[in-house]
Amino acid sequence: MSEYLPAFRRNQDARLDSGKRTYGDASFGWPVKRLLREAQQECEDIPNYAFIAWTRLEKLMETAEAIEDMLPGSCPKHPKYTPDKPPRVCCERCWMAYSVRAVQRDMLDMP
Ligand SMILES: [Zn+2]
């Protein structure tokens, strides 16, 4: 995770520069109570963004569950095969089931 810290700090610096271009150094002269209120509002915003992000992840989860529900664990025509050991020649249903299962397993970390 520490590899992300330089990018985080660059973003902080960029936001400070952006604020300076937009507002000048006016915020350095704000009354302390105004600074405190601004900090409180930021604290209120952060969990709101987390909630927005959570709703998007929830929709992704619903989509993943819907895909999982649509697909059988194995092809009905070739039930002895699994996504880990697909048949050498896949029928259309095999290809669909095993390709999606491989994406779910390898890219989405779904069991
Ligand atoms: Zn098949």
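1. Start with Ser-99. Ser-99 sits in helix H3. This is a predicted model. Ser-99 counts as partly exposed, because 14 other C-beta atoms lie within 10 Å, and the buried class needs 20 or more. Pro-86 is 13 residues away from Ser-99 in sequence. In space, the two C-alpha atoms are 9.6 Å apart.

2. Ala-102 is also placed in helix H3. Ala-102 is partly exposed, with 13 other C-beta atoms within 10 Å. A residue counts as exposed at 12 or fewer, so the count of 13 puts Ala-102 in the partly exposed class.

3. Now take H3 as a whole. The helix covers residues 92–106, which makes 15 residues. At 1.5 Å a residue, H3 should span 21 Å. The C-alpha atoms at its ends are 21 Å apart, so expectation and model agree.

4. Which residues of H3 are buried? They are Ala-97, Tyr-98 and Arg-101. Viewed down the axis of H3, these buried residues fall within an arc of 85 degrees, so they line one face of the helix. The face turned away from that buried side carries exposed residues, Glu-92 and Asp-106.

5. H1 spans residues 5–23. How many of the 19 residues of H1 are buried? The number is 0, so H1 lies largely in the open. Its length also checks out. At 1.5 Å a residue, the 19 residues should span 27 Å, and the end C-alpha atoms are 27 Å apart. Gly-24 follows H1, and the phi of Gly-24 is positive, near 70 degrees.

6. Step back to the whole protein chain. The chain has 3 helices and 0 strands. Along the sequence the pattern reads α-α-α. The domain assignment gives domain 1 as 26–70 and domain 2 as 71–111. The C-alpha centres of domain 1 and domain 2 lie 37 Å apart.

7. The overall dimensions deserve attention. The radius of gyration of the protein chain is 25 Å. A compact globule of 111 residues would have one near 13 Å. Taken along the principal axes, the C-alpha atoms fill a box of roughly 75 × 25 × 20 Å.

8. Of the 111 residues in the protein chain, 5% count as buried. Consider the contacts between residues at least 6 apart in sequence. Of these, 24% join residues at least 24 apart.

9. A word on confidence. The mean pLDDT of the protein chain is 86. A value of 70 or more is reached by 95% of the residues. Where is confidence lowest, and where is it highest? The lowest is in H3, at a mean of 80, and the highest is in H1, at 94.

Notes. Residues are numbered from 1 along each chain as its sequence is written. This is a predicted model: local features need pLDDT of at least 70, side-chain atom pairs count only at pLDDT 80 or more; totals for chains, interfaces and linings use all residues. Domain bounds come from an automatic or database domain assignment. Helices (H or I, at least four residues) and strands (E, at least two) are DSSP runs, numbered from the N terminus. The expected span of a helix is 1.5 Å times one less than its number of residues. The arc is that of the directions from the helix axis to the C-beta atoms. The radius of gyration is taken over C-alpha atoms; the globule rule is 2.2 Å times the number of residues to the power 0.38. Two residues are in contact if their C-beta atoms, placed from the backbone, lie within 7 Å. pLDDT is the predictor's confidence in each residue, from 0 to 100.
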